[in-house]
Amino acid sequence: MPGNAVDPLATEKTRDQIMAEREAKKLAKQAKKQKTAPTPTAATPAVLTTPSAPATKIITEVEQTTITTKLTTTTTTKVQDAVASKTTQPAAVNGKDAEAGEKTREQIKAEREAKKAAKKAGKGGGAKVEGIAQQLADLKVAEKAPVAASAAPSTTEADQEKKKPALSKAERRAIQEAQRAAKAQVQTKKAQHAAKAPPSAAPKGPNRKSVSPTTAATSSSPVKCPASTPNVDCRVKLFNHLVCAKEDSQFINDPLVHPSIARLGVQYAKRTVVGSNARCIAFLHALRQVVHDFETPAKKEFGRSLDAAVKHHVDHLHKCRPLAVSVSNAYKQFKNQLTQLPADVPETESKELLVHFIDTYIENQIGKAAQAISGFLQEKITDGDVLLTFACSSLIQFICEEAKRRQVAFRVIVVDSRPGCEGQELLRRLHATGIPCTYVLINAVGYVMAEATKVLLGAHALLANGYVMARTGTAQVALVANAHNVPVLVCCETHKFSERFQTDAIVYNELSDPNQLVRGDKCQLSNWAAKGKLLPLNLSYDITPPELVSAVVTEVAILPCTSVPVILRIKPDIGY
């Protein structure tokens with residue numbers, strides 16, 4: 001074919017003809033490969049020639065069938081794309097990009113191979129390509145009619161299905177996120193309905209099933225508290241994570257618990273033994289009895305067996321009432337001493353060492369520590385002082401008795417609060433020793449604070465960040481004292497120091513029996529369990545920030561609250 005005839009054809013070619021030429025070039029490449037390396041399964045070859053082509057190419061019948069199938073698939077896809085583009089996008093600007101988004105992986109590979117074949121075909125293959133392109137164009141014209149006929153009865157749903165692959169990755173992600181958000185919203189609504197259900201059923205308290213204290217302590221569900229109707233939940237949602245008061249009668253009969261520990265658990269639960277020092281001393285006395293009566297099982301080691309037994313007893317006490325910080329520290333020191341026992345020592349000598357450690361701990365950590373703290377404070381108490389204290393503290397009582405023994409003229413203002421009214425016990429003890437006292441409730445602390453010269457407060461624990469954990473109401477007394485510029489001295493032994501950090505009374509606290517808030521039958525709270533959503537809250541402790549405390553008096557020295565981490569670090573070195 002003359003060279004000048006190629007240019008008019010190139011300018012008048014349609015897009016379909018160009019695609020057909022690319023497929024023809026791919027045909028030429030495959031035929032060249034078959035000529036160099038023939039396939040053993042090839043059928044009788046067919047020769048395709050053009051009038052002006054000087055050379056011939058061999059194509060097998062199998063390859064012709066494969067090519068025809070691919071061209072049919074390509075033509076069908078193009079026809080469907082054309083129909084979809086006419087119905088949905090009558091004014092499409094870039095049709096090539098739309099088809100590229102709908103092409104399958106095989107079609108894209110076929111186009112790439114056709115381009116490679118066109119590059120290798122050279123300059124002399126133009127006429128041959130045009131001849132094969134004409135045959136492929138005729139094949140497309142013949143197939144357009146049945147494809148259009150089959151596509152005619154398609155519904156709108158089929159068109160929508162053809163549009164789905166055209167979604168971009170970002171659109172698909174947006175759809176998935178919307179579905180997830182809808183599902184999460186449905187789950188949130190279900191949880192809200194489930195949360196609203198229990199309060200509506202609160203008046204039906206007698207029909208609800210009670211939970212045993214052992215199961216409640218080991219599970220993550222809210223713990224039940226005893227009330228006038230014992231099966232009513234006395235929970236406040238903000239304090240659901242806290243341990244509630246339990247019935248002491250459920251902890252008496254346990255064959256694996258030593259009688260002294262069982263008796264102590266009942267005393268803990270009934271609040272017969274109160275106060276951080278009193279609870280620690282009672283625990284160590286009961287532990288000494290456990291060590292004395294312990295018998296090592298056969299073929300067992302004394303230290304490990306006793307450690308397991310003591311752990312079981314401590315767990316029992318914790319079920320009766322959460323352990324005080326002083327009790328937890330004493331238990332840690334006992335375990336440390338137990339691990340340091342020599343292995344070659346007889347069992348009797350090991351018990352004697354442990355009993356001696358318990359007695360020494362009580363004497364040093366509580367007895368001598370109280371004397372040292374009292375010695376520091378005796379220098380601060382002078383004639384005419386008015387000491388204000390809150391609730392009942394055995395350490396404050398010891399300090400006041402020592403000052404009375406020194407014949408210092410002073411008086412004490414005892415501030416008390418309900419429901420425990422522990423200040424009445426301190427008032428009774430101080431009055432028995434002849435110390436002049438004044439007794440007021442906490443709602444009158446603002447009136448008597450002007451008379452006070454010093455405020456002495458006890459503590460349940462001193463936290464590592466300098467905050468003081470004490471009976472509920474201590475923070476209020478410290479706040480009023482700070483407003484009146486009265487120095488606040490917190491008396492606390494180092495065995496009450498805790499490594500825990502806490503800035504409020506919600507993270508960790510103890511819930512007391514809500515029935516203690518009921519004053520009598522005429523009280524409005526006497527039948528609180530039957531009043532629906534009424535839930536009395538009786539917190540045992542509060543948190544006093546270090547800004548309201550002037551100093552902390554310990555057996556080591558009079559220190560600021562910020563020195564607690566230093567004492568915790570050097571405590572083993574100084575023997576405490």
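Me: Is Phe357 buried or exposed?
Reply: Phe357 is buried, with a relative accessible area of 17%; buried means under 20%, exposed over 50% and partly exposed in between, using a 1.4 Å probe and protein chains only. Keep in mind that this is a predicted model, where local features need pLDDT of at least 70, side-chain atom pairs count only at pLDDT 80 or more, and totals for chains, interfaces and linings use all residues. Residues are numbered from 1 along each chain as its sequence is written, and side-chain values use heavy atoms, with hydrogens and water left out.

Me: How many aromatic pairs are there?
Reply: A pair of aromatic rings is described by the distance of the centres and the angle of the planes. Rings of Phe, Tyr and Trp (its six-membered ring) pair if their centres lie within 6.5 Å; planes under 30 degrees apart are stacked, over 60 edge-to-face, and the rest tilted. That gives 2 aromatic pairs here. In one, Phe294 and Phe302 have ring centres 6.0 Å apart and planes at 65°, so they're edge-to-face. Phe294 is buried at 12% relative accessible area, and Phe302 is buried at 11%.

Me: What about Phe357 and Tyr361?
Reply: Their ring centres are 6.1 Å apart with planes at 45°, so that pair is tilted. Tyr361 is buried too, at 8%. Phe357 and Tyr361 are 4 residues apart in helix α14 (residues 347-378), about one helical turn; helices are DSSP runs of H or I, at least four residues, numbered from the N terminus.

Me: Which charged end sits over the ring of Tyr268?
Reply: That's Arg279, 5.3 Å from the ring centre. The rule wants NZ of Lys or CZ of Arg within 6 Å of the centre and within 35 degrees of the ring normal. Arg500 lies over the face of Tyr508, at 4.3 Å from the ring centre.

Key. Helices (H or I, at least four residues) and strands (E, at least two) are DSSP runs, numbered from the N terminus.
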